[in-house]
Amino acid sequence: MSRSVVAGVDGSPEGLTAADWAAREALRRGLPLRLVHAWEAGLPEGAPETGPTGLRAPQQHARQVLQRALARLGERYPQLDVTAEQVPLAPVAALLAEAADADLLVIGSQGPSGLGGFLSGSVALATVARIARPIVLVRAGLTAEAEHLPGDDGTPSDRTPFRDVAVAVDVDAPPADDVLDFAFHTAALRNAPLRAVHAWHMPFSHRLPDAEQRARAREAAENRLSDLLAHWRRTYPGVVVRENLHEGRPAHVLVRAAGGAGLLVVGNRRNTGAGDARTGPAGTPSAPAAPRTDASDARIGPGDARIGAGGPRTDTADTRTAALDTRIRPAPTRTTPVAHALIHHVRCPVALVPHD
């Protein structure tokens with residue numbers, strides 16, 4: 001499959017907004033856009049049109065959803081190469097299969113559930129837990145103007161410079177080159193500044209740290225962050241880099257850092273254990289495990305990228321399997337504070353980039 005940006009749509013506002021964002025990103029990257037819609041009820045693709053109307057309904061709905069999305073994007077982005085595909089698979093399996101060879105998958109972060117829809121928060125989390133490609137979560141209502149700074153009069157504009165790209169960085173973990181490369185490359189495509197965000201904290205002690213100890217800890221974190229970014233500054237000399245260090249919990253830091261940003265980039269650690277979800281010949285999942293994370297882990301960024309610093313958590317084999325069974329309704333997914341912050345509180349698009 002040729003390189004492309006893939007967007008999941010289901011006719012909801014979240015899906016249409018995700019498709020719009022994906023179209024703009026595909027143009028920036030010089031890639032075609034592929035729209036996909038998952039459906040798994042009714043007659044198989046290619047069955048005679050004389051089949052029962054009730055069994056035809058899901059397939060006809062999928063076709064209408066894609067046709068409306070194609071017409072909308074064709075009008076807004078006439079220069080973009082767009083194709084569409086109905087995928088007769090469960091939502092998570094469809095997204096994983098279609099994204100296997102894509103540069104980027106874009107979906108809504110929240111939305112409706114049920115047959116034919118895959119934009120609910122639990123499905124987004126289940127996809128994030130198993131995907132091996134970068135994925136961007138987009139909230140409904142995001143406009144092209146929102147990616148740019150306001151005009152001189154304070155009104156939205158798509159002719160002003162892009163808002164900065166924020167990337168979560170963990171200086172206490174091995175560097176995640178894929179995450180930083182994605183963030184720097186994305187900023188370069190927009191000619192936007194890059195804001196490197198690190199949440200630092202004082203080591204646990206039975207005694208309260210004094211001001212001098214706190215200052216030394218912050219200075220050490222600043223030095224490690226500068227050292228970590230030195231290579232990428234040389235690789236992308238045109239990108240203006242701003243270093244932001246905040247003392248506090250990662251969930252709070254990430255929400256604050258995302259304010260005013262055009263995109264938040266966070267690492268998503270790949271599973272390497274025996275229970276990993278792997279992909280089969282068709283790119284569909286062959287194991288139903290999702291990554292487990294510890295809510296007490298307070299680090300964020302490429303170095304600890306189970307959704308930055310804590311990802312979707314599942315505690316038993318039953319809940320791991322249920323989290324991926326979206327044929328009737330999305331199963332509840334327990335999340336850490338950071339994952340909850342990303343899905344429910346961050347307003348700008350969030351890019352999650354897999355790394356080892």
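I looked up confidence first: the protein averages a pLDDT (the predictor's confidence in each residue, from 0 to 100) of 75, and 67% of the residues score at least 70. This is a predicted model, so I noted the limits: local features need pLDDT of at least 70, side-chain atom pairs count only at pLDDT 80 or more, and totals for chains, interfaces and linings use all residues. Residues are numbered from 1 along each chain as its sequence is written, and side-chain values use heavy atoms, without hydrogens and water.

Where is confidence lowest and highest? I found the lowest mean, 32, in strand β10 (residues 312-313), and the highest, 96, in helix α5 (residues 177-190). Helices (H or I, at least four residues) and strands (E, at least two) are DSSP runs, numbered from the N terminus. I also marked residues 272-336, where pLDDT stays under 50. The model has 164 contacts (heavy atoms within 4.5 Å) for this stretch beyond four places in sequence.

**α5 with α6**

Next I checked how α5 packs on helix α6 (residues 211-235): the angle is about 50° and the axes are 11 Å apart. Axes are lines fitted to C-alpha atoms, for helices over the stretch in contact, and angles run from 0 to 180 degrees between N-to-C directions. α5 and α6 are therefore oblique to each other. Under 35 degrees counts as roughly parallel, over 145 as roughly antiparallel, 65 to 115 as roughly perpendicular, and the rest as oblique. I listed the residues that meet: Asp177, Leu180, Asp181 and Phe184 in α5, with Leu228, Leu229, Trp232 and Arg233 in α6.

**α1 with α5**

I then turned to helix α1 (residues 13-29). Its axis and that of α5 come within 10 Å and cross at roughly 85°. α1 and α5 are therefore roughly perpendicular to each other. From α1, I noted Trp21, Glu25, Arg28 and Arg29; from α5, Phe182, His185, Thr186, Leu189 and Arg190.

**Arg163**

Last, I looked up Arg163. I found Arg163 in the loop between β5 (135-138) and β6 (165-168). Arg163 and Ala192 are 29 residues apart in sequence, yet 6.4 Å apart in space, C-alpha to C-alpha. Not counting residues up to four places away in sequence, Arg163 touches several residues, including Glu147, His148, Pro150, Ala192 and Gly260. What does the side chain of Arg163 reach at 3.2 Å? I found the backbone oxygen of His148 there.

How values were computed: Polar contact = N/O pair within 3.5 Å; in protein donor to acceptor, adjacent residues only side chain to side chain.
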